[in-house]
Structures are given as structure tokens and as C-alpha cells.
Amino acid sequence: MTYGNQFTAETQLNLSPFFERTSQLNESQEWRRWSGYLAATNYELTHENEYFAIRTKAALLDITPLYKYIIEGPDAQRFLDRLVTRNIQICKVGQVMYTPWCDEMGKVIDDGTVQRLSENKFRITSAEPNLEWIETNSAGMDLSISDDSKTTASLALQGPNSRDVLNAVASDSLDNLKFFWMMDTHFGDISVSISRTGYTGDLGYEIWMNPDDAIAVWDLLLEKGKPYGITPTGLHALDMARIEAGLILLDVDYISSRHAIVESRKSSPFELGLGWAVKMKKKDFIGKKALEAEKLKGVEWEFVGIEIEWDPFEKLHRDVGLAPGLPCTAWRTSTPLYRGNKQVGYATSGTWSPILKKYIALAHVKAEYAKENTQLDFELKVEHFRKLTPAQIVPTPFFDPERKRACPQ
Amino acid sequence: MSTVKKYDAIVIGGGHNGLTAAAYLGRAGKKVLVLERRYVLGGAAVTEEIFPGFKFTVCSYVVSLMKPNVMRELMLPKFGLELLPLESTLTPLNNDYLLRTADADQTYREIARHSRKDAETYMRFGPAMGQIGMAVRPILETIAPNAIRPSLSDLGALKKLMNHFQSLSSEQFEYLTKLMTMSSADFLDEWFEFEPLKATMSASGIIGTFMGPKSPGSAYVMLHHYMGDIDGAFRAWGFQRGGTGAVSMAIARSAEHFGADIMTEAPVEKVIVKNGRAVGVALENGDEYSSDMVISGLDPKQTFLNMVDESDLPSDFVTDIKNFRIRGSSGKVNLALDALPNFTCLPGDGHHLRGAISISPSYDHLERAYDDAKYGNFSKKPFMDIILPSVLDPEMAPPGKHVMSCFVQYAPYDINGGWNDTKREAFGDTVVNTIARYAPNIKDIILHRQVLTPADMEKTFGLTEGNIFHGELSLQQLFTMRPAVKWADYTTPIKNYYQCGSGTHPGGGITGSPGEMAAKKILGELK
């Protein structure tokens with residue numbers, strides 16, 4: 001049943017090239033703001049079906065609001081190696097690398113992916129505008145920088161059936177595209193690039209295209225994807241999936257050092273669980289000296305996964321006559337973590353994981369209390385009263401299916 | 001001549017600072033009398049119905065710097081303080097515009113239309129200025145110590161400030177040093193590239209000041225305007241429901257609540273000084289009121305050169321006050337409108353009319369406007385800060401009609417040949433013609449026009465030379481130097497004669513701060 005579909009409204013927000021379709025499909029008319037764009041919170045009246053599309057079918061998300069920059073020229077690779085903490089020199093054409101980047105003090109500014117489009121051409125994605133930082137730090141280098149945020153539209157297709165959907169649409173098989181690699185192909189006569197990347201920790205792809213082709217691509221995917229359960233998916237479902245995947249979110253799990261008002265709000269990559277992405281053997285990069293010093297001195301904070309133990313959690317609720325109150329959407333309120341009477345950390349986002357049947361969260365914890373299996377106390381409110389309940393430090397990703405990296409045999 | 005009952009304190013001038021001082025003294029149990037020369041309270045923070053149905057914020061028109069503790073301690077919300085948000089700043093350009101709004105995403109997008117780099121820098125600039133505001137706050141909230149012969153409590157205050165400065169980050173120190181010494185144009189050039197953005201931001205560095213955006217020292221005035229906060233949000237500007245006069249009335253109601261007597265149309269002729277002590281005042285009508293102390297909310301020139309005899313003051317102090325720079329630089333044009341102005345760059349009604357409209361397309365526009373003033377003329381193409389009070393508060397005008405408040409710079413007090421009616425109207429025409437370049441319908445919708453020159457402001461409001469800040473906010477006239485060295489702590493060379501106007505620390509704007517701190521100083525001395 002529909003109650004009329006002529007809904008129109010004025011907005012001061014940016015509209016993605018997919019909006020013509022997404023606005024028609026959004027039955028709940030629930031929207032969030034994402035980088036100044038109107039982005040669907042959920043398309044259906046609840047987000048559950050969309051969450052399960054990510055984990056069991058194929059979820060289609062409009063990710064156009066991402067900031068994107070093209071860096072091109074003889075010095076492009078040298079520059080990116082200076083900018084980010086990963087080793088871009090070993091990034092091959094067609095490869096993608098996830099990386100944070102830091103200020104001179106080794107504090108994280110933003111994180112995103114670097115795509116090597118050709119020998120001398122890269123695309124970097126970010127959560128916030130970074131043009132000023134990129135331009136400032138590329139002075140004197142032989143390269144050009146262009147803001148690609150509005151010249152490229154993008155979709156994420158995530159979930160176990162996503163490869164099947166793409167194989168049904170694309171002129172080339174996706175079977176050999178490895179995790180964190182990309183390829184150029186066609187949907188009919190439309191050129192697209194497809195990277196095997198995403199923000200869900202599942203098998204999934206991101207499709208990069210000319211905004212003029214956006215509607216045609218959307219329509220093709222929905223049509224050919226129907227037998228595979230393709231589902232337009234909003235940010236509520238994505239937020240749950242990215243927590244399960246242990247992936248951080250800027251302004252939620254950390255604050256960019258570019259606008260952290262006080263020093264204590266800034267984090268180094270080590271403090272965000274991104275030590276693996278810091279390549280100290282690289283000759284030089286922004287923040288290297290500070291990070292070396294930090295490593296020598298010892299890292300103060302660590303970023304960990306925690307699992308809230310079920311039985312005590314249930315008991316706290318039973319004691320007041322309630323069934324356990326589970327967060328069925330992801331929360332983003334800083335929540336204290338204690339060890340004994342002392343606060344030793346805070347969780348920044350958490351969710352009930354319907355696929356794992358566990359209550360999980362991402363947390364900043366003082367290094368000395370951040371070892372796996374350490375038991376901490378998690379603060380919560382049960383029927384208006386503050387309580388503490390045990391939580392374990394566990395490895396992330398919480399959810400890490402084999403299909404994420406695997407290729408068909 | 002009659003002598004009426006004795007008061008603990010008499011405040012000369014029912015401006016917002018005089019009223020604030022009265023309210024604080026009343027709150028401490030003192031019996032206070034406020035004497036206002038005009039028929040209406042508020043001084044320069046006044047709302048008047050100049051034409052029937054149209055309420056003008058005649059001089060001062062927005063509120064940002066009102067101290068939060070003054071609002072709380074005087075219970076101003078209870079007495080009618082209602083600050084509506086001014087949501088945006090629109091800079092009309094030829095066939096384009098620059099718009100900054102309360103929304104970060106929208107502001108980013110609007111600035112990015114002109115410069116992506118600036119749009120990003122802008123996101124950092126606000127928090128940086130907020131940090132500087134925090135760094136300066138303690139100075140503003142300290143009673144300026146006597147720097148020549150500090151008392152024990154002065155030393156305590158100085159030590160506290162020293163400790164505070166030692167706690168600043170190197171970034172705070174760097175910006176602070178720059179803001180204290182540079183021109184606003186030079187300072188902004190270090191951050192931004194889009195000229196209209198820089199020019200509009202630099203404009204807050206020239207308001208009420210006889211300087212251009214390229215004059216060294218203007219960056220401090222900009223900082224002064226950055227220090228306001230409403231509801232904890234730094235730099236938020238607000239419009240008082242009913243106009244700025246309603247802020248004054250709220251303070252007056254608070255003062256009365258605390259037992260103050262307030263008289264209007266009661267111009268003071270002289271402070272009565274006996275044996276080097278102020279003992280009361282004589283009104284122009286011959287009435288005398290005696291009191292234990294007299295507090296002047298007037299500007300330093302009025303306070304010391306008019307209200308008392310020079311012979312009661314040390315001659316070096318008289319020289320300092322005579323040298324105190326108080327050059328008027330601005331005019332005000334208030335319009336009663338039949339309809340809304342229609343801006344070519346953003347036609348029709350819209351959110352953009354709910355904020356400030358700044359005529360500041362470039363540094364050159366502002367600097368040339370200043371050049372005119374330097375040589376004794378009003379600006380041929382003036383800088384303007386315009387708001388439409390009736391869009392924010394419909395009760396300011398009859399239904400469907402509007403009022404427009406135009407702060408205009410520059411209009412020098414010392415204009416060649418002196419101000420007269422012809423010149424005033426020529427100035428008004430220039431303002432309207434300047435607006436018409438951006439909103440061509442303006443000429444067809446003006447029902448009434450009120451033009452105030454600095455000479456008018458002096459005559460009507462007692463602002464010497466028409467200076468809106470009771471003296472320029474230049475470095476040599478701040479803190480321990482405002483209005484004169486040794487007498488920056490609200491005391492004067494005459495015993496029991498105090499000062500509490502904008503000519504004292506921390507200066508102009510609707511802050512309540514000079515009035516509050518003067519009262520606290522007085523109460524401290526009484527202990």
C-alpha cells in the first residue's frame with residue numbers, strides 16, 4: 001500500500017545524483033546529514049532488512065557524499081608517500097590502500113583510501129574536506145590536485161551476493177578482482193570503475209562513475225540485482241555493520257586533529273588501532289618524527305573492541321522486571337569504562353550485533369588496561385539508574401567472514 | 001533649590017552600563033538613584049518609535065557581548081531579556097553573493113563556491129578564535145590594576161594574569177600577539193584568500209573605530225567583536241526582542257527590583273564636589289541630590305571635563321583625558337519600509353534576510369571609504385552593517401511593513417565645514433544609493449528615513465564626537481590605560497566619584513561589563 005508518492009520539499013542540503021531515485025524509494029522519509037548531503041537513514045520503516053541485506057544479500061548504498069581528490073603528475077606518488085602513513089610506493093596500479101594521515105605532531109587528521117588509477121594518477125577519499133591540507137603540503141611538487149567530490153558519483157554494493165549482482169551487470173567478470181584492488185569495466189555502454197572495498201567488513205564493492213550516468217547505473221543494478229536480493233540501504237544499517245567490522249568513524253570514534261579544540265581530543269594512529277598502517281621504514285612522512293617518539297615513549301591509549309557480557313547484563317534488567325534492553329541501532333554516546341573504581345576508558349560507539357548475537361562496542365582504553373580478555377566495567381542506565389556491567393576486551397573485527405577476502409575457486 | 005533624600009549612590013546616565021552598576025549596587029543593599037537626561041532609558045541602547053508603528057533600534061542594534069554572569073546575576077531573562085538568533089551574514093556582490101549561516105555544512109558549501117580552501121580554513125578559524133577568546137577572557141574580567149602603584153590586590157590580580165598567560169598554548173600566544181598588533185587585513189590574509197570573505201570579516205575590525213582594515217591595531221577590534229557568546233556559543237550575535245532598548249529596560253527593571261530609583265528627564269548639571277569628595281549632584285532644574293558617592297556612566301570627556309571642574313582634578317590627568325581619543329567615525333540610518341528589500345543577488349524573501357547584510361565587497365571598498373573620512377568627508381561608498389529587525393521580531397513594525405537598521409561607516413565627526421541639515425540628507429542619500437546598488441527596490445519602499453550623523457549622536461545621546469564606544473578601542477586606550485593610567489579601576493582622582501561607562505575597561509558594546517565591574521570595585525572598597 002502506498003499513501004501517495006508526490007512528496008516534495010525544499011532543502012538547503014546538497015542532493016546526490018541518485019536522489020531522484022533514493023527519494024522515491026525512501027518509504028520512511030528518514031534522512032540524515034552526511035557532509036552536507038541528504039542521505040537516507042533507512043529506506044524502509046525499520047532498518048533491519050537493510051542490515052541483513054549487508055550480511056546475507058546485497059545492500060546498495062549511495063556513498064557520493066565522500067570527499068574525493070584526484071592527484072596526478074610525476075610527483076604524485078612521492079607526494080602521497082609524504083602525506084599518508086602507508087607505503088604508497090609499493091601500491092601497484094589498480095591497487096587500493098586504506099590509510100590514515102597525520103599532522104606534524106603525529107595526530108590523525110582523517111582516514112580514507114588511496115586508489116592508484118595509473119602510474120601517476122591517484123584518487124584519495126576522505127571523510128572531511130582535505131583540499132587545503134593536501135595543497136599546503138604539496139607545495140613545490142610537480143603534480144595537479146583536483147577536487148573530485150562532485151565529479152565522481154559512487155555507490156557501495158555490499159554483501160555476499162554483491163559479486164553475483166555485478167557479474168550480471170558488468171561486461172567483465174569480477175571473479176578475479178582481489179580484496180582492495182580495482183578494475184575498469186562497463187555496464188552496457190557506461191564506463192565505471194569498481195573497487196573491492198567497503199565499510200561493512202563483508203564481501204563488497206564500491207562503484208565509481210560519472211554523475212551523468214548515476215541514474216542509469218542505479219536502475220541497472222536494481223533491475224539485474226533483484227534476483228539476488230539487492231536492497232537500497234541507509235546509514236543505520238551501515239553504522240551497525242561498520243562497528244561489527246571494527247572500522248572507525250571520524251567525529252564519532254575520533255576527532256580530526258585539524259579541529260580538535262584541545263590537545264587531549266587528538267589521537268595518533270597507534271591510539272586508534274591503526275599502528276599496522278604506519279610504515280616507519282618509509283623515508284619520511286608527515287608526523288613520522290612525532291610517531292617515532294611516541295613509539296619509543298609508549299602509547300598512552302589504545303583502541304579496542306569490547307563485548308558486553310550477556311548474563312550480568314541480563315540480570316541487571318531482570319532485577320527490575322525487564323527483558324534486556326538491547327540497542328538495535330548503533331549508538332554514538334561516549335560511555336565510561338571502569339576498572340575497579342577508576343575510569344580507564346570510554347566507548348565511542350556500540351551496537352547489538354544481530355549476526356553475532358553479541359552486544360559490542362569500540363572503545364578508547366588506557367594502554368595498561370587494553371590487553372585482550374581484560375575485564376572492564378561498562379556504564380549503562382537500567383530504568384533511569386546508572387549501573388556497571390562487565391565487558392571483555394576482544395579482538396576486532398568482531399565479524400570477519402572469509403568471503404570478505406576470498407575469490408571464487 | 002531643594003535638597004531631597006540622601007542616597008548611597010547616584011548614577012549619572014541611564015545607559016545600559018549605568019543601569020547595570022545601579023542594579024549591582026542595589027543587589028548589595030545600597031540605595032541607588034539613576035538620573036537620565038532623556039525621556040527614555042538606555043543611552044545608546046535604546047528603542048524608539050520615531051515614526052508611528054515603526055520601532056527603531058536608533059543607535060546600537062545587536063547584542064553579542066553581554067556577559068553571561070550579568071544576565072544570571074541580574075536575572076535579566078526574568079525582566080525581559082529575550083535574545084533571538086541572528087542567523088547569517090550576507091555579503092552582496094555584483095551578480096553574486098557570499099553567505100555564511102549558522103549551519104556548518106551550508107557555510108562550507110557557500111564559501112566553497114568561491115574558494116574551497118577558504119571553506120576548509122573557515123572550519124578551523126572559528127575554533128581558533130574561540131580559543132583566543134578564552135585566552136583574553138581573564139583580562140576582560142579583571143578590574144584593571146593600577147600599573148604604576150599597584151595595591152596588594154592589584155598584585156594578586158597581576159599574578160593571576162601572569163599564571164594564566166603561562167598556561168596558554170604556543171598557538172594561543174602566537175595568535176594573541178598577532179591580533180594585538182596587526183591590521184585585520186594582514187591577519188586575515190594569513191588565513192583566507194577570497195577577498196569578499198576577508199573584507200567582511202575585517203569589517204568587525206573597523207566598527208566604531210577611526211581606522212581602516214589595513215590600519216595596524218584593527219585586528220584587536222576584530223577580536224573584541226569575537227569575544228561574545230550567547231548560550232555558550234562563541235561569536236553568536238543576537239537580536240533582542242523589542243530592540244536593544246529592551247535590554248536596557250530589562251536591566252532597569254532588575255535595578256528597580258533591587259530597590260533603585262530611576263528618574264528620566266532629569267539632566268545633571270554638575271557633580272557637587274566638597275573638599276575633594278563627591279557628595280551629590282545638581283540637576284539642571286536646580287534640584288540637588290546628596291549621596292555618599294556618584295558614579296558616572298558617561299564617556300570620559302563628559303565625566304571629567306563636563307560634570308566636574310577641571311580645578312578639582314590633577315592637571316596631568318586632565319591632559320590625559322583631553323588626549324583620550326574618541327573620534328566618531330560612524331553614522332546610522334534607520335528606514336521604515338513598506339515592503340522587504342529585494343536583493344538582486346538573492347531575490348525575494350528568505351533566510352538570508354534574517355541575519356546581517358554586510359556591504360563589504362572588498363578591502364579596497366572599506367579602505368577607500370576610510371580614505372574619504374581621513375580627509376574630512378563621509379564615505380562616497382560606505383561600509384554598512386544592515387539588519388532587518390522586523391524580520392526577526394514582527395512587532396518592530398506594523399504588519400507587513402519593515403524596519404531596516406543601517407550602521408554606516410565612515411562618517412567623521414570633524415567633517416569639512418561641519419555637519420548641517422544639507423550634509424545630513426546628502427549622507428542619507430549616499431546610504432540609500434549604496435543599498436540600491438544591491439537592492440534596487442529600496443528607493444520605492446522607503447516610508448520614513450532617520451539619519452544620524454556623529455554630531456546628532458553627540459547632541460542626542462551625549463556621545464562625545466559621536467563615538468559609539470566612549471573612546472576608541474586602540475591598544476593605548478585599553479585595560480590599564482582606559483581611560484587613563486592610574487585611573488583604570490573605575491576610581492577617579494575625586495574621592496567617591498566613580499566611572500562605569502564604556503570608556504572604562506573592557507570597553508564598548510552591550511556587555512554590562514564596565515557597569516558590573518565598577519559596582520564590584522566599589523563594593524569591594526566599601527568592605
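**Figure 1. Strands β9 and β12 of chain A run antiparallel in this predicted model.** Six bridges join β9 (residues 153–158) to β12 (residues 204–209). Two strands count as paired if DSSP finds at least two bridges between them. Helices (H or I, at least four residues) and strands (E, at least two) are DSSP runs, numbered from the N terminus. A:Ala153 stands opposite A:Met209 in β12(A). Both strands belong to an open sheet of six strands, in the order β10-β11-β12-β9-β3-β13, with mixed pairing. The edge strands are β10 (182–187) and β13 (230–232), and each pairs on one side only. On average, neighbouring strands here are turned by 25 degrees against each other, direction ignored. Axes are lines fitted to C-alpha atoms, for helices over the stretch in contact, and angles run from 0 to 180 degrees between N-to-C directions.

*Reading the labels.* Residues are numbered from 1 along each chain as its sequence is written, while chains are lettered from A and ligands numbered from 1 in the order in which they are written. In this predicted model, local features need pLDDT of at least 70 and side-chain atom pairs count only at pLDDT 80 or more, while totals for chains, interfaces and linings use all residues.

**Figure 2. A five-stranded sheet in chain A is open and antiparallel.** Its strand order is β5-β6-β7-β4-β8. Strands of a sheet pair through backbone hydrogen bonds, either parallel or antiparallel. β5 (96–102) and β8 (144–147) stand at the edges with a single partner strand each, so one side of each has no neighbour in the sheet. The twist averages 25 degrees from one strand to the next. Within the sheet, β4 (residues 67–72) and β7 (residues 121–126) pair over six bridges. A:Ile71 stands opposite A:Phe122 in β7(A). Helix α3 (residues 76–83) of chain A lies across β4, β5, β6 (108–118) and β7, running at about 135 degrees to β4(A).

**Figure 3. Chain A has a domain 1 and a domain 2.** Domain 1 covers 19–66 + 151–233, and domain 2 covers 67–147. These bounds come from an automatic or database domain assignment. The C-alpha centres of the two domains lie 25 Å apart. The contact takes nine residues from domain 1 and nine residues from domain 2. Two residues are in contact if their C-beta atoms, placed from the backbone, lie within 7 Å. The side of domain 1 that touches domain 2 has five nonpolar, four polar and no charged residues. Ala, Val, Leu, Ile, Met, Phe, Trp, Tyr, Cys and Pro count as nonpolar, Asp, Glu, Lys and Arg as charged, and the others, Gly among them, as polar.

**Figure 4. Chain A meets chain B.** Here, 13 residues of chain A are in contact with 13 residues of chain B. Helix α4 (residues 131–137) of chain A gives the largest share of chain A's side, three residues. By class, that side has four nonpolar, four polar and five charged residues.

**Figure 5. Strand β15 of chain B is largely enclosed by the rest of the structure.** Eight of the eight residues of β15 (residues 330–337) are buried. A residue is buried if 20 or more other C-beta atoms lie within 10 Å of its own, exposed if 12 or fewer, and partly exposed in between; C-beta atoms are placed from the backbone. Both faces are covered. One side holds B:Ser330, B:Lys332, B:Asn334 and B:Ala336, and the other holds B:Gly331, B:Val333, B:Leu335 and B:Leu337. β15(B) pairs with β18 (residues 402–409) in the antiparallel sense over eight bridges. The bridge partner of B:Ala336 in β18(B) is B:Val403. β15(B) also pairs with β19 (residues 446–452), antiparallel, over six bridges. In β19(B), B:Val451 is the bridge partner of B:Val333.

**Figure 6. B:Gly297 lies in a loop of chain B.** The loop runs between β14 (288–296) and α11 (300–306). B:Gly297 counts as buried because it has 34 C-beta neighbours inside 10 Å. B:Gly297 and B:Pro514 are 217 residues apart in sequence, yet 9.0 Å apart in space, C-alpha to C-alpha. Not counting residues up to four places away in sequence, B:Gly297 touches several residues, including B:Val11, B:Asn17 and B:Cys500.
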